[in-house]
Amino acid sequence: MAAIYQAAYRRAASLFCRLHSTYVRKMRYLNELKEDDSLCRQAQTSGTFYLFHNLSPFLQKVGKKYLVPQLSAAEMKRILEKLEETEQRIEKSVLIGCSDEHVPHFALDLGALEKSVIESELKGSFTDLQKALFVVDGKDSPLLASAQSLLRWHDSHQYCSKTGQPTQKNVAGSKRVCHASGITYYPQMSPVVITLVSDGSRCLLARQPSFPRGMYTALSGFCDLGENVEETVRREVAEEVGLEVESLWYSASQHWPFPSSCLMIACHALVRAQQAEICMNSLELEEAHWFGLEEIVEGLKRGPRSSKQDDGSFLPWFPPKQAIAHQLICEWVKQQTS
C-alpha cells in the first residue's frame, strides 16, 4: 500500500511541477490571449511593441550593435499622438510572444504613416528584414521573422477566398474569420526541405542566379502535395543535380520568412561515390559543385566582402550562422573530422 501512495505522490508532484513551470505557464497565458479578445485587448495596454514599416523592422544602432527596441504601450501611444493617429491603430497589432514574467509582445506595422518622422522620433531606421536578420542578436532573429510572417499573412488574407467578403482579424491576430461564410482562416507555413548532399568525402553545394555573388548553399525545394519529407528530398536532388539518394537523415528545422513563411526541414543525404557525376538542371540552378573538406573549412571563414578577388571573381562563401544551411555544413565538417 505504501508503494501505491508513493507512486501517486510522485505523479502528483510531477504534475504540480509541470503546471507551475515557467514555460507551461507562459504557453497557457499566450493561448488565453489568443482565445480571449477582451483579455488580449487589455494586454495591449501593458505590453511591448516591435515596430515595422511595410514589413521592414525598426532597428537602432548602438555602437557597432543593432538592437531591436521594444516600445512600451505608453511610448506607443505617444508616437501615435505625434503622428496624429488614434490609439485604435494599436488593434492592428499581432501577438508574437511574451516574456517569462508574462509581459506580452506585439508587432505593429505603421506602413501607412510617415516613415521619416518615426525614424527621427525614435532615432533608428526601418531595415529590410533579410539584412536585419544577419545583424541583430541571434535571439531576436526568430522573433522578427515570425512577426513579419504574421503581419504579411494578415495583409494578404483580408478577403475570404470563397465569398470575396472581408475577413475580420481577432485581437491577437491568431486567425481571421469570414462572418458571411463562417470560415476561419489560420496562418500557415509552407514546408521546404533543405538538403546537404554528400558522397562520403565531399559535399555538394549550389547557387541560383539570384544569390549574392560567390555564395553557395545546400539544395532546397518545396514539398509537393502528398509527399513526405523523404520523398521530397529524393525528388529535389534528382531534379536539381541528377543524383539518386541512397540514404538520408533529419538534422533540424527552422522557420524562414523567405519568400514567404516557410518551415525549413534540414536533412543530410548520401549518394554513392561511384554515381556522383552532377547533371545540373540549368532551369533551377546556375552552378553546382562538389567541395572537399579543406575547401569547406576555408569557405566558412569567408564573408561576402572577403570573397572578392582582385580580378573581380569571387571565392566560394557560405550562408551565415543564422541560416540552417550553415548548421548543415558545420555538421558535415564535424562528421568528416571526428
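Does Gly 200 count as buried, partly exposed or exposed, and why? Gly 200 counts as partly exposed because its relative accessibility is 40%, where buried means under 20% relative accessible area, exposed over 50% and partly exposed in between, with a 1.4 Å probe and protein chains only. The model is predicted, so that local features need pLDDT of at least 70 and side-chain atom pairs count only at pLDDT 80 or more, while totals for chains, interfaces and linings use all residues. Residues are numbered from 1 along each chain as its sequence is written, and side-chain values use heavy atoms, with hydrogens and water left out.

Gly 200 sits in the loop that joins strand 11 (190–198) to strand 12 (203–207); strands are DSSP runs of E, at least two residues, numbered from the N terminus. Leaving aside residues up to four places away in sequence, Gly 200 touches Leu 270 and Gln 336, a contact being heavy atoms within 4.5 Å. Between the C-alpha atoms of Gly 200 and Pro 319, which are 119 residues apart along the chain, the separation is 22 Å.

Elsewhere, the structure holds one cavity of 30 Å³ or more, a cavity being a set of points on a 1 Å grid over the protein atoms alone where a 1.4 Å probe fits but cannot get out, with lining residues having an atom within 4 Å of a point. The volume of the largest cavity is about 40 Å³, counted as the space filled by probe spheres set on the points, which are joined across faces, edges and corners. Its lining includes Phe 49, Tyr 50, Pro 57 and Leu 144, and strand 1 gives the largest share, four residues.

Notes:
1 Å grid on protein atoms, 1.4 Å probe; cavity = no way out; pocket = protein on both sides within 12 Å on 5 of 7 lines; lining within 4 Å.
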